[in-house]
Every structure is written in structure tokens, then in C-alpha cells.
Amino acid sequence: MPDIARVRRSVLTPWLLGLALWGGCSTLRDDGADVVGAGGGRMADDPAEQGAVLTVSPADPVVTNDGQSPFQLTFKVFLGTEDITDQVRLSIDDERLGHFAGATLHGNPGQGGKSIVRAQRGEDRGKTTITVRQQVVVIAPGAQPDAPSKFGGSAYAKRTPEIAYPPAGALVPPNINELEFQWRPQEATLFEINLVSDSLDLRIYTPCNKVGDGCALLPDEPTMKLLMQGGRGQQLQLSMRGASPEGGGVGTAAQQALSFTENDMKGGLYYWSASSGGIARYDFGLRGQKAEAYYGPLRAGGLCVGCHAMSRNGKRIAVGMNIPGPAMMRALDTGTRSKLFEVGPGIIAGSNFQAFTSDGKYLLTTEYGGLSVRDGTSGMLLGKNPSLANATMPDVSPDGKMVVFARSPTLCLPPLCPNLATEKASLFTVPFAPDGTFGTPTELVKSAGENNYYPTVSPDGRFVLFNRAAGESYDAKDATVMVVPVGGGTPIDLQSINSIPGNSWPKWSPFVHRWKGKSVLWLSFSSRRPYGVRGGANAQIWMVPVEIGALEKGQDSGYPPIRLPFQELATGNHIPQWVEQVDRAPCSVIDMTGCGMGERCMDGYCVPVIQ
């Protein structure tokens with residue numbers, strides 16, 4: 001640990017106060033970089049490398065710098081024992097990290113990661129890896145400037161913090177914006193949070209900010225940007241230590257993995273916010289935002305707005321009002337929030353569960369105990385009402401060729417059919433033709449007395465996600481999340497979610513991500529599970545990744561759920577519905593027309609005012 005006098009003030013002030021280097025087995029350079037590496041690299045396993053094998057030295061260097069200053073590292077290249085450096089061309093695969101001038105790599109400030117340095121002379125080639133790691137110290141508000149010096153004492157178990165959030169092994173999109181660290185302190189009052197990857201060694205020093213039955217720290221935006229950049233596509237090791245401002249013994253928590261996918265989460269999420277009685281939405285394409293009120297009682301004319309469905313492209317939304325029902329259903333143009341048409345109201349008319357095709361061309365409604373098909377813009381009924389009897393909770397496959405739905409064995413005599421919930425339901429798939437007509441249903445999941453409901457098709461069209469409970473579907477306290485191949489088979493119990501029951505309204509994100517060469521799907525659900533030390537009794541929206549390869553083997557991937565951070569803990573949130581893109585109303589930046597309350601015009605579209 002360096003003397004605190006060497007900790008320099010950072011440009012990421014006021015929250016990020018310092019940068020520091022840890023020496024270890026390294027040589028400190030005049031340009032502010034540490035270099036670890038010895039010997040020479042003789043990597044020549046590329047099929048195209050057919051000449052002599054060159055040795056690049058230093059081999060596999062690890063360069064550490066302060067994240068602010070450029071660095072320089074000079075390489076040598078050998079053919080056997082002969083130094084041929086002046087005869088070769090050196091290059092680096094990831095030019096984001098720097099560029100070569102002769103044999104010297106000129107590193108770019110503020111960049112980190114792992115890449116390959118290549119040497120070439122004609123057909124003779126060689127290479128070695130290089131790791132550029134930023135080592136950064138953050139002194140959080142309330143921690144003294146010399147906090148790093150308080151962690152040199154002997155081991156003291158009673159100061160070992162217990163990490164409560166994020167959960168061990170979590171996989172997170174790199175643009176999640178906010179990630180709160182939570183822990184239980186025991187006897188410690190000063191803490192070090194350490195996150196290490198190939199490109200980052202971040203140490204945050206903080207006191208206990210009391211929350212619930214423990215402590216919490218929400219890093220500021222500059223620190224989050226540093227973490228997201230250093231974590232993208234990588235697995236970090238998260239560890240914590242506890243100490244005292246007076247020094248003395250130090251408690252060390254066990255390390256746990258925290259990983260970030262290569263891909264940003266895109267699109268948007270629309271959900272029902274129970275406290276406001278309306279629909280809220282979150283746009284993953286906008287940084288630094290909380291969820292925004294989208295369509296509530298004020299816009300709807302004093303009505304409660306609840307169950308809703310979205311077209312995959314984000315252009316259409318259908319909302320149910322005045323639950324319990326059958327609810328009057330209103331279809332809107334998402335961007336302008338203008339009404340397109342309504343179904344109902346009436347004692348037996350209306351629709352509680354509906355689904356758009358991806359392009360919004362068709363809207364499937366639940367009317368008179370079955371599925372009806374309507375034009376997605378005009379609302380015109382196409383065919384019979386209903387076209388498919390005794391069917392509810394529909395979802396349309398992304399390609400629009402198949403519909404999945406739930407069917408209860410309860411006797412249904414139209415028009416007096418129960419449609420608010422299901423009991424002992426089985427799941428079915430049915431072909432859906434381009435002209436809006438149904439084929440013959442096929443049973444997908446047969447009930448053995450349990451209730452299977454809320455089915456939804458994955459973005460690759462290969463799996464169906466659904467809920468299972470012992471009794472009625474509405475607000476089932478024992479609801480679990482299951483997955484079954486779209487062609488049938490044994491349902492997969494997602495134990496990583498279901499270890500805590502009561503998980504409702506599961507929905508797929510519309511995108512497939514990559515993580516360590518694997519294809520990953522994301523799903524969201526509503527749950528009253530505790531949020532770290534904050535606890536909480538209200539339903540919140542949680543998200544979890546599942547690997548397609550694991551589903552193909554009939555297995556759960558085992559990643560723990562994470563809470564989506566844009567929500568208010570004081571409100572219950574339900575029915576998360578995903579879209580590929582948030583459709584926003586056009587506006588004029590000249591006269592500011594077109595935008596509603598809480599919005600501003602930016603680049604010709606209405607966006608929420610920064611909160």
C-alpha cells in the first residue's frame with residue numbers, strides 16, 4: 001500500500017478523490033505505470049503463422065496505471081537469441097488501449113483491458129498478451145482521506161462484513177446505471193469495497209451509511225462509468241474488508257463473482273405501478289433516469305389503468321381499465337398516447353388479457369371466454385367473437401406464426417365465462433396465419449392438477465416461459481417460474497428464482513446477449529422477495545439471465561436474480577412488458593410543442609426531464 005501522499009486528486013471529483021498504485025512484484029516507471037512481466041512470449045498458434053516463431057519480451061506484461069496518465073512500454077523481439085526488434089513491425093489488436101511507434105507502445109489514458117501484441121517480420125511471427133489495468137481509489141463521502149491506511153492490521157473476525165447485495169455470482173448488463181452495494185457490518189465502521197478484473201482494480205472506502213438492518217453505498221455516476229467500462233464482458237472479483245477509523249484489526253469477507261455481459265440492455269420496459277394506478281416505463285437507452293410515468297388515471301380520464309400488453313416493436317400498447325372486469329380495453333399509439341380504439345365497456349364485454357403481434361398488425365383479445373382477433377390500428381373484429389373458444393392469457397411468437405395460451409378445465413358458457421384468473425390450467429400452442437386466423441391447438445403443458453398460466457414465447461422462438469401455482473393464478477403466493485421447449489417436453493424449474501416463491505408475470509426481454517461465448521436470454525418477473533438489507537414488502541421487478549445452452553439440456557443456469565434499480569421501493573410494481581425500442585412523441589425544439597408534463601424536447605422527440 002503506498003503512502004497516502006502519493007494518492008493524487010482525480011478529475012472525477014467530488015466523489016472520486018484519489019488514484020493509487022499498488023506495487024507488488026513490479027517496477028515503477030517514471031511515466032506512472034507499473035509493469036509486471038518477465039521473459040519472452042512465444043505464442044504462435046495462429047494457423048496463418050508459418051514462418052519462424054519470434055519471442056516477444058516482456059511476456060504477458062500487466063501494466064497498471066492511474067487511469068489518468070498515458071503510459072509507455074517498450075518491447076523487444078528475438079529470433080532465438082538474436083535481437084531483431086528493429087526489423088519487425090509491432091501492433092496491438094485492441095487499438096483502444098494504445099498504438100505502437102516503433103517498438104514502444106503508447107497507452108491511452110483511461111482505458112483498460114486485455115489484448116494481444118503481435119510482432120511480424122515477413123513470414124516470421126510472434127505474439128504475447130498484454131493486460132492494462134487501472135488502479136483507482138475512491139474516497140466516498142464520510143470516509144477520512146487516510147482511510148486506505150486503516151486496513152493494515154491483523155485479522156479480526158468480528159469486523160468481517162457480510163455482503164448482502166449484489167448476490168454472489170450475479171451477471172449484470174453493463175449499462176445498468178445504478179448498482180447499490182449492501183452489507184451487514186458486524187463491529188466494523190469503515191469499509192473497503194474492492195472490485196478486480198483484467199482492466200480494473202477499484203477500491204472504494206466508505207463508512208456505514210445505515211439502511212435497513214445494514215449499510216449501503218450507491219456509487220456516483222463517474223465511478224459507475226469506470227466500473228461498467230472495466231467490467232464489460234468480464235468477471236470481476238468482489239471482496240470487502242471491515243476496519244475502524246482508529247485502525248486495529250481487519251475483517252475480510254470471502255470473495256464473490258460479479259460479471260457483466262458484453263452487450264448493453266436496450267429497448268424499454270413498461271410496467272404497472274400500483275401506487276399510481278397507472279403504467280410506468282423505463283428506457284434503457286437513456287442514462288441517469290428513473291422510471292417515468294407513462295399512462296395513468298389523469299391521462300386516461302380518471303380511470304385505473306392496469307393490465308397492459310405491448311407490440312414487440314414498441315409502437316402499440318393496449319391497457320385494461322377498471323379492473324376487476326371484464327375490463328374496458330383501450331389501444332393506444334405508444335409514442336403520442338393517442339387512443340386508437342376501445343373494446344367494451346359492458347358487463348360482459350371487454351378484455352383482461354391481450355397480446356399484439358410483433359409489428360402491431362393484430363391484437364388478440366380475451367372476449368366471451370376465448371381469443372378474438374382485431375385489427376391492431378382500427379380495432380375491427382376479424383372473424384368470430386371469439387375465434388378460439390376457452391382460451392386466455394395469449395402471447396404471440398416473435399415471427400407471428402404461433403400463439404401460446406392457457407386453458408382452464410372450468411366449464412365456460414359464453415358470454416358468462418371467467419376470465420380474470422385460471423385454475424388447473426394447461427398450456428397450448430396454436431398456429432396463427434398471416435390473415436389472422438387460428439389453426440388447431442396442440443397441448444404443450446398438461447395440468448396434473450396444478451395451474452399453468454401467463455405463458456410467453458422467447459425472442460428466439462424456441463422456449464415458452466410460464467408461471468405455475470397450486471391454486472388460482474391471481475397474486476399466487478406460491479407462484480414459480482418455469483420454462484418448456486416450444487415443441488414440448490419436461491418443464492424446467494428455474495430454481496435460481498424459485499428458491500423464494502411468489503414470482504409472477506414472467507416476461508422475456510426481446511434480445512439475445514453474449515457472455516463468454518454463450519448466448520444468454522434475459523427474463524423479468526415481479527416478486528416480493530427482500531432486497532438485500534433494505535428488505536421490503538412491496539412487489540418489485542427483478543431480472544435474471546438464462547443461458548440457452550443450459551435450457552437445451554433441461555437445466556437452470558443458476559444465476560441469481562437482480563433487482564432493476566429504477567423502481568421506487570415504496571410502490572408495488574407488476575406486469576413487466578418489454579419492447580425493442582421506446583417509441584416517443586415527436587416535438588419541436590423551437591416552440592416546445594408535443595411534450596407533456598415531466599417531458600422536454602430533445603433532438604425532435606419528447607424525453608423525460610432529468611430527475
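W505 is buried, at a relative accessible area of 13%; buried here means under 20% relative accessible area, exposed over 50%, and partly exposed in between, with a 1.4 Å probe and protein chains only. Please keep in mind that this is a predicted model, in which local features need pLDDT of at least 70 and side-chain atom pairs count only at pLDDT 80 or more, while totals for chains, interfaces and linings use all residues. Residues are numbered from 1 along each chain as its sequence is written, and side-chain values use heavy atoms, with hydrogens and water left out.

Let me turn to the aromatic rings. The structure contains 19 aromatic pairs. Rings of Phe, Tyr and Trp (for Trp, the six-membered ring) pair if their centres lie within 6.5 Å; planes under 30 degrees apart count as stacked, over 60 as edge-to-face, and the rest as tilted. In the pair of Y362 and F432, the ring centres are 5.7 Å apart and the planes stand at 90 degrees, so this pair is edge-to-face. Y362 belongs to strand β32 (residues 362-367) and F432 to the loop between β37 (426-431) and β38 (442-445), so the pair ties together parts 70 residues apart in sequence. Helices (H or I, at least four residues) and strands (E, at least two) are DSSP runs, numbered from the N terminus. Both Y362 and F432 are buried.

W505 has its own partner. The rings of Y454 and W505 have centres 3.9 Å apart and planes at 20 degrees, so they are stacked. This pair links distant parts of the chain, with Y454 in strand β39 (residues 451-457) and W505 in strand β43 (residues 503-515), 51 residues apart. Y454 also counts as buried, at 7% relative accessibility. Elsewhere, Y271, Y282, F284, F566 and W578 form one aromatic cluster.

Next, the nonpolar cores. A nonpolar core is a set of buried Ala, Val, Leu, Ile, Met, Phe, Trp, Tyr and Cys residues joined through side-chain atoms within 4.5 Å. The largest one has 64 residues, and I193, L195, L227, L494, W508 and L523 have the most contacts inside it. Apart from it lies another core of 22 residues, including M402, A425, A469 and A479.

Which residues of helix α1 (residues 221-231) are buried? They are T223, M224, L226, L227, M228, G230 and G231. These buried residues pack against several strands, among them β13 (124-139), β18 (200-207) and β23 (256-260). After α1 comes G233, whose phi is positive, near 70 degrees.

Strand β23 also holds Q256, which is buried at a relative accessible area of 12%. Its side chain reaches the backbone oxygen of P166 at 2.8 Å. Not counting residues up to four places away in sequence, Q256 touches I163, P166, P167, A168, L236, Q237 and L238, where contact means heavy atoms within 4.5 Å.

Four strands form an open sheet in the order β27-β28-β29-β30, with antiparallel pairing; two strands pair if DSSP finds at least two bridges between them. β27 (305-310) and β30 (338-343) stand at the edges with a single partner strand each, so one side of each is left without a neighbour in the sheet. Four bridges join β27 to the antiparallel strand β28 (residues 316-321), and in β28 the bridge partner of H308 is V319.

Notes: Polar contact = N/O pair within 3.5 Å; in protein donor to acceptor, adjacent residues only side chain to side chain.
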